[in-house]
Amino acid sequence: MGPFETVAKGKKKAMRSIILSTAARFLMPMILLFSAFLLLRGHNLPGGGFVGGLIAAAAFGLYLLAFDVQETRRLLRIDPRTLVGLGLLVVLGSGLTGWFKGKPFLTALWGRYRLTGFLHIEIGTPLIFDAGIYLVVLGSAMTMLLALAEED
Amino acid sequence: MEILMALVVGGLYGTGVYLLLRPTPVKVIIGLAILTNAVNLLIFTAARLTRGHPPIVEETLGRPSYPIADPVPQALVLTAIVIAFGVLAFTLVLFRRAAETTEADNLDEMRTTDT
Amino acid sequence: MGYAICSVFLLALLAPGLTRIAKPVSGWLMAALPLTLCVYFLSMLDATAGGLTLQVTWPWLPDLGIRLSFFLDGLSLLFAVLVCGVGAVIMIYSADYLADHKCLGSFFLFLNLFMASMLGLVLADNLITLFVFWELTSLTSFFLIGFDHDRDKARSSALQALLVTGVGGLALLAGLILVGEAAGTLELSELLQSGDLIRQHAWYVPIVLLVATGAFAKSAQFPFHFWLPNAMEAPTPVSAYLHSATMVKAGIYLLLRLSPILGQTALWHGMLETVGGVTMLGSILMAIRQTDMKRLLAYTTISSLGTMVFLIGLDIPLSIAAAISYMLAHVLYKASLFLITGIIDHATGSRDLSALGGLFGKMPVIGLVAILAALSMAGAAPFLGFVGKELFYEVVLMAPRAAPLSILAALLTSIFMVTSAALLTVRPFFGPARSDRLPHGPVATNLWLGPLLLAGAGTLAGVFIGIIDKSLLAPAVSAVQPGHSVKPLALWHGFTPVLAFSILTLASGIAVYFRCDWYRAWTENWSRRHHYGAETCYERLYSGLFTIASRLTLIIQNGRLRNYLLTVFISATVLVSSTLLWNGGIRFPTVWTSVNFGDLILAGIILAAAYVTSRVGHRLVAIVAMGVIGYGIALIFAQLGAPDLAMTQFSIETMTVLLFILIFHRLPLFSRLAPRRAMRFDAVVATAAGLLMTALTLAAVSGPTDKRLADFFAKQSVPAAHGRNIVNTILVDFRALDTLGEIAVLGMAGVGVWALLKLWPKERRKP
């Protein structure tokens, strides 16, 4: 057993420093907001479901390090494995939308909606698809992290 | 830049191969991660390098205004990076389980699953 | 006709369900279809007796000339009637015999599958169809012999039978394909006309050898005979059906069927006579040594099969008629005797001839049936066996070659056959009773009905041989020997040399019976000193094959990851680099992208970190160095117009480090486990592989490039996908299906990790 073993064994206590937990508490919403921002802007600027999902997972991972599994699970609310399934269903749903309209599976559909005055918003199935990716990536990464953390 | 990239790819590849041949599970996993990086970089480089022009369309023009980096390998590599993470995590846990089951910390001793 | 076979296959599939629903009457349910089919085939008697053949053809692989075609003539009709008739009897018998067995349903499944295959085999017109059904009978017999799969011996015997008949089947396939190539057709009905073509073909000798090997293996001829006694591990109804009445007759059927095509040559006659003669005499000598009733029956079966092969081989027109009547007699008495053995076994718990006695008083009906069957086996008048043996003698006395030898062999075989028949009946039924080996209760009707029907048929067929001959035997004979006028069979031939031989045989056989114990002691003594034979040879081959296979596996699949990887890396490096050098060596690009100072530093850091991972002795340092490599690559991506990649790589690297931290203290420590020499060798391989990749990267950027895809996506991104980030539009729109697959894999990896960690038996978790 090297010196790091003892550090690792006492990880739970060592990691629960006040600085880290305070920082995590404050950073969490910011990082999550940032991940959502990346997801939304992904279609036009660098970002997207993959990055967004990973950043969100990193945020929860940070929380996991700062607090513990129960806290993180409570924050997540949904079991991460459910998130994986949910994400896959969202992706499937976005693909099937075109299919129900008689087009090949995964054909994109777009709609342009007016918000107020000159402001328009363009929504299409690819955006939903991207959100599905976000959920799958987040769910999968959190499944792994939580399962590992619960091993102790 | 191409030569530099080729050297980095070669160096990472060699390191990855060397680590994969180690009997220690952790080294093998690190080797796997490094090899993945090398391959991603190779695919990225093989499609030619373009400095500073991401594959994003100009808002006003409706098309890129200057030669952009090739988006195809980027899309390929992006998913590859994410999947590699999944594979890495799976391998890590698998090796851990194998080490626990066979009570061996050496890959050469993990030759049978009959415990 | 084709539907007849299909219906049995269908019944096979329904059998387990039917057995579950109506177990008490399952035997009769199962027997209904074969009985119907038997009647159906018998109704064709008039047609085939007139020399007509029926044909059915379904296309299968028309390009290869393979058709699912069937035809019915006198010969196939005889066999089909036997398969269905005996099959029906066996079904009724089995339901009672195996009533307590937990797998009666699957027994009926296998038995029906076998029956369907056997029907297909004897009805097949196309040679490939015939072969397929031939192999199906081998496969189903494997399941039936190994039916009591809890017993080791049953399993090994089943495997032995499968291997021996399987090897024979492969030889047969080769032979049949050669026949098809030589004659230009695979249809038996057409081949029957082209016998001369094949006999004069250059491949004639290999064809005969291959086909005969297949038939000999199936019909348990020397030197493939040993599987049949071992196959007695099967439940008794299976032995009665497969190993006396039908499957072992498949070889006889094939030889009969092909004798107009391949026969009438010195090779054919010589080989069949020799093999048949050796088998019939050798195995009957083995038979009277046996004390297990089933093994005794098995050896006499081999002997009778040898007699049939011998008769088919004899170059005399009458010999085919002799072979066919001998076969019919054999089916009826042997199946009956097997079934009686099963009854005795069930009732007394033993089938040891030395332990049984005095059964006649307890089960007189069984005793009478056994005597009927045994008399037919001994060749006494007026049973069908008498007709068969008379013809046997009549033909042998006319043998054109080696007549004294043939007569002697025939005489000895028949004498010992009488002895065997006596052994089977006299002691068990009339010998001194043993109190511990007496029946527990009355024998169920369903059990004794079958043997009675079979033995009774053998008796009636002997008495009314004229009718049987005209309707059943003569059409079969003329199917093998078209154009030959066969003299009608009769029970009484007058006072001929043959009759003298018959009387001599019976008398000597009974005489030998009383000297049997002396003979047994002598052979026992002899066999203890001599351990060789075909079976030993088989066992040596079998274990040798396993030794070679396990050694080979140890070499190729040694379980060492390093050896596998070294093989892959070394061969890949050598092959690819030689190809690279062959095609003009290392090339350099003509157009360069500029390098700035930052890139140099970045590359330096990455390479240094890589070096650290390979040299460092501590896990944490290695993991940190790995992180450095990842972040460095992310920065390279950011420099070279790939912000998406850079961000993904950044976050993935963070996640990876997080992952390692969580699992860190559970991972084994680094230790210098590999010897120094191995490390140096690995370093050389790794360096070579790395250099090769450098060269390949340079080669990849030197050649011409195709930008059409990139241009397409750049032009279409906004109009078609409503997005300006081309990488993202590719991921979520243009190639969305790929992405769907990829995230599915990612999800599975996550669930897989969860499963590996959580779905683990609690008791195996470390405290």
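Mentor: Gladly; we will take the interface and then a surface patch.
Mentor: This is a predicted model, where local features need pLDDT of at least 70, side-chain atom pairs count only at pLDDT 80 or more, and totals for chains, interfaces and linings use all residues. Residues are numbered from 1 along each chain as its sequence is written, chains are lettered from A in the order in which they are written, and side-chain values use heavy atoms, leaving out hydrogens and water.

Trainee: What makes residues of chain B and chain C count as being in contact, and how many are there on each side?
Mentor: Contact means heavy atoms within 4.5 Å. By that rule, 83 residues of chain B touch 98 residues of chain C.

Trainee: Why is the pair R22(B) and D682(C) called a salt bridge?
Mentor: The term requires a side-chain nitrogen of Lys or Arg within 4 Å of a carboxyl oxygen of Asp or Glu. Here the N to O distance is 2.2 Å, so the pair qualifies.

Trainee: Which helix gives the most to the side of chain B that touches chain C?
Mentor: That is α3(B), with 22 residues; a helix here is a DSSP run of H or I, at least four residues long. α3 spans 71-102.

Trainee: What makes V595(C), F597(C), L600(C), I601(C), I605(C), V624(C) and V628(C) a nonpolar patch?
Mentor: Patch residues have over 30% relative accessible area and no salt bridge, and nonpolar side chains (Val, Leu, Ile, Met, Phe, Trp, Tyr) are joined within 5 Å, like charges within 9 Å. These residues form such a patch, with about 620 Å² of accessible area together (Shrake-Rupley method, 1.4 Å probe, only the protein chains shown counting as cover). α26(C) supplies the largest share, four residues, while V628(C) lies in α27.

Definitions and conventions:
Helices (H or I, at least four residues) and strands (E, at least two) are DSSP runs, numbered from the N terminus.
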